[in-house]
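Morning, everyone. Let me put the model up, and then we'll walk through it.

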Amino acid sequence: MLKLSCGRTLYYGKGDVLVYRTYAGPLETPPIPESTFSESRNVIFAHNVKFAVSGESLLTSFTEGDNRQIVATDSMKNFILRHAASFDGSTTEGLLAFLAERFLAAYPHIDRVELSADRIPFESLVVPGPGGYMNNDLVYRRSHNDHASAGMEIVRGPSFGAEIASHWCGLSELQLIKISGSSFAGFIRDEYTTLPEAHDRPLFIFLDLLWRYEDPEDALRPERGRYVPAEQVRDIAHNVFYEFATPSIQYLIWLIGQRLLTRFPQLAEVRFESNNRTWETIVEPKGGDAPGVFTEPRPPFGFQGFSMTKDDLLAVRDEAAEAQA
Ligand SMILES: O=c1[nH]c(=O)c2[nH]c(=O)[nH]c2[nH]1
């Protein structure tokens with residue numbers, strides 16, 4: 001939330017700026033056991049960008065109708081689109097920092113930029129090649145599945161350079177169903193309780209995952225080998241879901257967070273927002289892989305929010321050490 005030094009909220013900007021950049025820099029990241037992802041050629045590097053600015057100099061545009069310091073939001077959109085052409089990085093975070101820095105350099109009276117982007121995923125497709133099936137780099141399929149996202153606030157620093165005041169990175173709208181191996185039982189039963197205990201429910205969750213780096217430069221400079229790609233976060237989430245029988249979404253999230261913080265010690269924090277979409281059972285399966293019939297649950301839907309830091313890993317290690325002693 002953009003604020004002036006007096007604490008007053010002040011911002012304006014443009015949303016839904018669709019930037020379809022082709023041939024951004026290729027991204028390479030160290031592999032992890034849970035994922036086949038370790039590189040992207042970034043042939044299509046597409047984003048939906050939201051861009052807002054703030055600064056003391058803009059106050060009179062609100063209080064007096066004085067437009068002399070206003071950069072029109074239409075011009076902001078053009079600025080984003082034109083400068084996207086000269087971005088030579090390979091990550092969403094890098095693109096945002098680059099655009100904000102260029103903007104602050106171009107307009108010295110503006111001293112804060114808050115911007116975010118949802119990556120628009122285009123998946124590569126396989127075609128028959130001389131040595132077997134291969135990914136082609138001409139035709140892509142637009143995906144409406146989960147996607148990477150990022151946001152940051154960039155402020156003009158003391159030496160007129162730009163500084164990251166805050167940042168977050170994310171994977172949005174992940175939807176996972178585990179058809180067996182999830183329970184929900186042992187919760188409070190009182191006069192308000194109608195939900196039966198479930199010992200094996202088809203657990204469908206919507207999940208947004210957010211993370212923050214200890215050093216945001218790791219997100220901007222993937223050549224350091226410490227960039228956390230949303231694809232690997234996605235794959236950790238489904239692997240943990242696959243590996244563990246869980247008593248609740250709350251505990252599933254905790255397990256995913258443990259794995260993320262273990263795999264990526266460069267992160268300071270991970271955060272979750274989940275939604276319970278457990279399928280409603282119409283015909284109960286009679287065990288094993290017997291057929292069942294389910295349908296979409298009816299609203300309202302439950303949700304969970306949780307954040308974790310490295311201290312949570314230490315707490316678990318301490319508990320394990322105590323148990324061993
Ligand atoms: O995993 C769950 N956590 C809850 O808190 C909850 N509440 C509920 O009705 N179903 C579930 N499932």
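What do the buried residues of helix 5 pack against? They pack against strand 8 (147–156), strand 9 (162–178), strand 10 (203–213) and helix 6 (249–263).

Ground rules before I go on. This is a predicted model, where local features need pLDDT of at least 70, side-chain atom pairs count only at pLDDT 80 or more, and totals for chains, interfaces and linings use all residues. Residues are numbered from 1 along each chain as its sequence is written, and side-chain values use heavy atoms, with hydrogens and water left out.

Helices (H or I, at least four residues) and strands (E, at least two) are DSSP runs, numbered from the N terminus. Buried means under 20% relative accessible area, with exposed over 50% and partly exposed in between (1.4 Å probe, protein chains only).

Back to helix 5, residues 230–243. Its 14 residues reach 20 Å from first C-alpha to last, close to the 20 Å expected at 1.5 Å a residue. That expected span is 1.5 Å times one less than the number of residues. Its buried residues are A230, Q232, V233, D235, I236, A237, N239, V240 and F241.

Now L260, which sits in helix 6. L260 has a relative accessible area of 3%, so it is buried. Contact means heavy atoms within 4.5 Å. Leaving aside neighbours within four places in sequence, L260 touches L209, V233, I236, V270 and F272. Two of those names, V233 and I236, are among the buried residues of helix 5. L260 and W211 are 49 residues apart along the chain, and their C-alpha atoms are separated by 9.4 Å.

Next, helix 2, residues 73–84. Its buried residues are M76, F79, I80 and A84. They cover an arc of only 120° around the axis, which puts them on the same side of helix 2. The arc is that of the directions from the helix axis to the C-beta atoms. Their cover includes strand 1 (12–22), strand 4 (44–54) and helix 3 (92–106).

Helix 3 holds T92. At 4% relative accessibility, T92 counts as buried.

Last, the ligand. Which residues are around it? F184, L195, R201, S248, I249, Q250, N276 and Q304 (a heavy atom within 4 Å). Polar contacts are pairs of N or O atoms within 3.5 Å; within protein, one must be able to donate a hydrogen and the other to accept it, and residues adjacent in sequence count only if both atoms are side-chain atoms. A ligand oxygen is 2.7 Å from an N or O atom in the side chain of R201. A ligand oxygen is also 2.8 Å from a polar backbone atom of I249. A polar side-chain atom of N276 lies 3.4 Å from a ligand nitrogen.
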